[in-house]
Amino acid sequence: MQSDIEDGREHLNISNWRHQRHNHGDESSAQVRSGHMPPLIYTAVHPEARLSKKEKKEFIKGLINTFGEENSNL
Ligand code: HEM
């Protein structure tokens, strides 16, 4: 669990938000849209973590509103 958290923080640490120029937050929505997150192995063990179609849509919308979307400003 701790190593999963540290692994995730290497990619995206919201506590360092203002200090990091490139913080990968804009990749968050794609992680959910592509089905990479939540991980299948995790939802198999924790079915309550599965997202309905509507929840997934709302989650993606919230991530984009919060972190922006990759390549949206190219
Ligand atoms: C419902 C939402 C989510 C759940 C339940 C979830 C759960 C998890 C779990 C259990 C792991 C460990 C996986 C492993 O070690 O095999 C993980 C890893 C990770 N998650 Fe998520 N996650 C969610 C959403 C997100 C989102 C929105 C991001 C945005 C970037 C994200 C980024 C990561 C990263 C970077 C890792 C570590 C690298 C990796 O194992 O691929 N997660 N997540």
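For the class tally below I take Ala, Val, Leu, Ile, Met, Phe, Trp, Tyr, Cys and Pro as nonpolar, Asp, Glu, Lys and Arg as charged, and the others, Gly among them, as polar.

**Entry 1, the model and its fold.** I note at the outset that this is a predicted model. I looked up the secondary structure and found four helices and zero strands in the chain, which read along the sequence as α-α-α-α. I then checked burial, and of the 74 residues in the chain, buried residues make up 5%. Turning to contacts with a separation of 6 or more, I found that 61% of them in the chain are accounted for by residues 24 or more positions apart.

I listed the 15 residues around the ligand, of which His-11, Ser-28, Met-37, Pro-38 and Tyr-42 come nearest. Two elements, α1 (2–11) and α2 (28–33), are the ones that give two or more residues to this shell, and the largest share, four residues, comes from α1. Sorted by class, the shell around the ligand holds eight nonpolar, four polar and three charged residues.

I returned to Pro-38, one of the residues that come nearest to the ligand, and placed it in the loop between α2 and α3 (40–45). The peptide bond that joins Met-37 and Pro-38 is cis, with omega at about -5 degrees; I record this since most peptide bonds are trans. Setting aside neighbours within four places in sequence, I find Pro-38 in contact with Thr-43 and Ala-49. I also looked up Leu-51, which is 13 residues from Pro-38 along the chain, and the C-alpha atoms of Pro-38 and Leu-51 are separated by 8.5 Å.

I tested the length of helix α4 (residues 53–67) against expectation: at 1.5 Å a residue, its 15 residues should span 21 Å, and because its end C-alpha atoms are 21 Å apart, the two values agree. The expected span uses one less than the number of residues in the helix. After α4 comes Gly-68, and I noted that the phi of Gly-68 is positive, near 85 degrees. Most residues other than glycine have a negative phi.

Definitions and conventions. Residues are numbered from 1 along each chain as its sequence is written. This is a predicted model: local features need pLDDT of at least 70, side-chain atom pairs count only at pLDDT 80 or more; totals for chains, interfaces and linings use all residues. A residue is near a molecule or strand if its C-beta atom, placed from the backbone, lies within 6 Å of it. A residue is buried if 20 or more other C-beta atoms lie within 10 Å of its own, exposed if 12 or fewer, and partly exposed in between; C-beta atoms are placed from the backbone. Two residues are in contact if their C-beta atoms, placed from the backbone, lie within 7 Å.
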